[in-house]
Amino acid sequence: MAKTKFLKIACPRCGKKQIVYGKSSSRVKCTNCNKLLIQPTGGKTKIRAEVKEVL
Ligand SMILES: [Zn+2]
């Protein structure tokens with residue numbers, strides 16, 4: 001069974017924390033300042049934010 005990982009990340013620009021799915025196939029932007037936090041790059045997910053916690 002595949003593990004689903006949720007990550008608590010903090011926006012490097014404004015510090016807003018949010019919980020995202022670690023293998024998201026779509027872009028995730030900061031809900032506060034709209035900075036791109038998660039960028040899928042051909043199967044791999046690039047996290048451009050600080051990971052605070054793995055849930
Ligand atoms: Zn932000």
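User: What makes strand E1 and strand E2 a pair?

Analyst: In this predicted model, strand E1 (residues 6-10) and strand E2 (residues 17-21) are joined over five bridges in the antiparallel sense. Two strands count as paired when there are at least two bridges between them, so E1 and E2 qualify as a pair. Within this pairing, isoleucine 9 stands opposite glutamine 18 in E2, and leucine 7 has valine 20 of E2 as its bridge partner. The hairpin of E1 and E2 has six residues between the strands, and glycine 15 there takes a positive phi near 85 degrees.

User: Why are E2 and strand E6 said to stand at the edges of their sheet?

Analyst: The sheet is an open one of three strands in the order E2-E1-E6, with antiparallel pairing. E2 and strand E6 (50-54) each have a single partner strand, so one side of each is left without a neighbour in the sheet. From one strand to the next, the twist averages 35 degrees.

User: What makes up the largest nonpolar core?

Analyst: The largest nonpolar core has eight residues in all, namely Leu7, Ile9, Cys11, Val28, Cys30, Leu37, Ile38 and Ala49. At least two residues of this core come from E1, and at least two from E4. As general background, nonpolar side chains tend to be buried together in soluble globular proteins. Leucine 7, a member of this core, touches Val20, Gly22, Val51, Val54 and Leu55 when residues up to four places away in sequence are not counted.

User: Is asparagine 34 called buried or exposed, and how do you know?

Analyst: Asparagine 34 has 11 other C-beta atoms within 10 Å. A residue is called exposed when that count is 12 or fewer, so asparagine 34 is exposed. Its place is in the loop between E3 and E4, and the C-alpha atoms of asparagine 34 and arginine 13, which are 21 residues apart along the chain, are separated by 9.6 Å.

User: How do you know what the radius of gyration says about the chain?

Analyst: For 55 residues, a compact globule would have a radius of gyration near 10 Å, and the chain has 11 Å, so the value agrees with that expectation. The C-alpha trace spans about 35 × 25 × 15 Å along its principal axes, and 15% of the 55 residues count as buried. Among the contacts with a separation of 6 or more, 31% are between residues 24 or more positions apart.

User: What does the secondary structure of the chain come to?

Analyst: The secondary structure comes to zero helices and six strands, and the elements accordingly read β-β-β-β-β-β from the N terminus on.

Methods. Residues numbered from 1 in each chain as written. Predicted model: local features only at pLDDT ≥ 70, side-chain atom pairs only at ≥ 80, totals over all residues. Helix = DSSP H or I, 4+ residues; strand = E, 2+ residues; numbered from the N terminus. Axes fitted to C-alpha atoms, helices over the stretch in contact; angles between N-to-C directions. Core = buried A, V, L, I, M, F, W, Y, C linked by C-beta atoms within 7 Å. Buried ≥ 20, exposed ≤ 12 C-beta atoms within 10 Å, placed from the backbone. Contact = placed C-beta atoms within 7 Å. Rg over C-alpha atoms; globule rule 2.2 N^0.38 Å.
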